[in-house]
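Please keep the sequence and the structure in view while reading.

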Amino acid sequence: MSAYLHHFFFAVYPYIALAIFLFGSLARFERDQYTWKSDSSQLLKRGALRWGSNLFHIGILSLFFTHLFGLLTPPAVYHALGLSTELKQLMAVVVGAILGLICLAGLLILIYRRMSEPRLRATSRVSDWVTLIWILIVLSLGLLSILTSAEHKDGSLMLLLGDWAQRIVTFRAGAAEVMVGVPWVYQVHMVLGMTLFLIFPFTRLVHVWSGFASVGYLTRAWQLVRSR
């Protein structure tokens, strides 16, 4: 990868992906609210939907939040909690592998289900296939990167990735330079992962926002219903 492309993907592209992710989601909600749904295929075929959907959602949501907190937590914070860099690295490898395999199992079930049922194939859009295959590639690279992580037990690689993420969210310079020595599997995994945020507003993935919004129902006042 040339120096120009390296700088673009790790210093500029994250902001492009996040901007399209946020403003694209808002624009779709304002203009096409009737498409703001997951397009459930349960009525067409139940089959292994429950197993596939539950495993996939548990895995991918857990991976998202563990990545989020793992990358954005400064070393001083987890050191204060008694976690060494080496122990945090080991936890990240073990937990990441378990959650990744759970997500992969669910995703493969969903892909097989959609491919094996003629009615599901007929109603599937291009964006549905792009989303499923893209997540599969990103997830596979993430699992593959675990092998590389196992070779860096001192946590030095994890510190580099965390430094990059923290520089991005705090708008500090030098993010691209931090990624220069990072193995290719991480770099490709991260670029494709950021692209997933970029295509997010144009797929059924937008229904994730509704899932987060539903948490508000936990604090909503009771609704009193009286029979006539």
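## A network of salt bridges

The side chains of Arg125 and Asp128 meet in a salt bridge, with 3.9 Å from N to O; the term stands for a side-chain nitrogen of Lys or Arg within 4 Å of a carboxyl oxygen of Asp or Glu. This is a predicted model, in which local features need pLDDT of at least 70 and side-chain atom pairs count only at pLDDT 80 or more, while totals for chains, interfaces and linings use all residues. Residues are numbered from 1 along each chain as its sequence is written, and side-chain values use heavy atoms, with hydrogens and water left out.

Asp128 also meets the side chain of Arg204 in a salt bridge, here with 3.0 Å from N to O. This second pair links distant parts of the chain, since Arg204 lies in the loop between helix H9 (184-199) and helix H10 (207-213), whereas Asp128 belongs to helix H6 (residues 126-149), 76 residues apart. Helices here are DSSP runs (H or I, at least four residues), and they are numbered from the N terminus.

A search of the whole structure finds four salt bridges, and one of them joins the side chains of Asp163 and Arg167, at 3.2 Å from N to O. Both residues lie in helix H7, four residues apart, which is about one turn of the helix. Asp163 counts as partly exposed because its relative accessibility is 23%.

## Aromatic pairs

A pair of aromatic rings is described by the distance of the centres and the angle of the planes. Rings of Phe, Tyr and Trp (its six-membered ring) pair if their centres lie within 6.5 Å, and planes under 30 degrees apart count as stacked, over 60 as edge-to-face and the rest as tilted. By this rule the count comes to nine aromatic pairs. One of them is the stacked pair of Tyr15 and Phe171, with 5.4 Å centre to centre and 10° between the planes. The pair links distant parts of the chain, 156 residues apart, with Tyr15 in helix H1 (residues 3-31) and Phe171 in the loop between helix H7 (156-169) and helix H8 (175-178). Tyr15 counts as partly exposed because its relative accessibility is 28%, while Phe171, at 65%, counts as exposed.

The rings of Phe64 and Phe65 have their centres 5.1 Å apart and their planes at 75°, so this pair is edge-to-face. Phe21, Phe64, Phe65, Phe197 and Phe200 form one aromatic cluster.

Leu61, Phe64, Phe65, Leu68, Phe69, Leu72 and Val169 make a nonpolar surface patch of about 570 Å². Such a patch consists of residues with over 30% relative accessible area and no salt bridge, whose nonpolar side chains (Val, Leu, Ile, Met, Phe, Trp, Tyr) are joined within 5 Å. Accessible areas come from the Shrake-Rupley method with a 1.4 Å probe.

Which helix gives the most to the nonpolar patch? Helix H2 (residues 49-72) does, with six residues, and Phe64 is found in this helix. At 34% relative accessibility, Phe64 counts as partly exposed, and Phe65 counts as partly exposed at 34% too.

Note on methods
Patches are made of residues with over 30% relative accessible area and no salt bridge: like charges are joined within 9 Å, nonpolar side chains (Val, Leu, Ile, Met, Phe, Trp, Tyr) within 5 Å. Helices (H or I, at least four residues) and strands (E, at least two) are DSSP runs, numbered from the N terminus. Buried means under 20% relative accessible area, exposed over 50%, partly exposed in between (1.4 Å probe, protein chains only).
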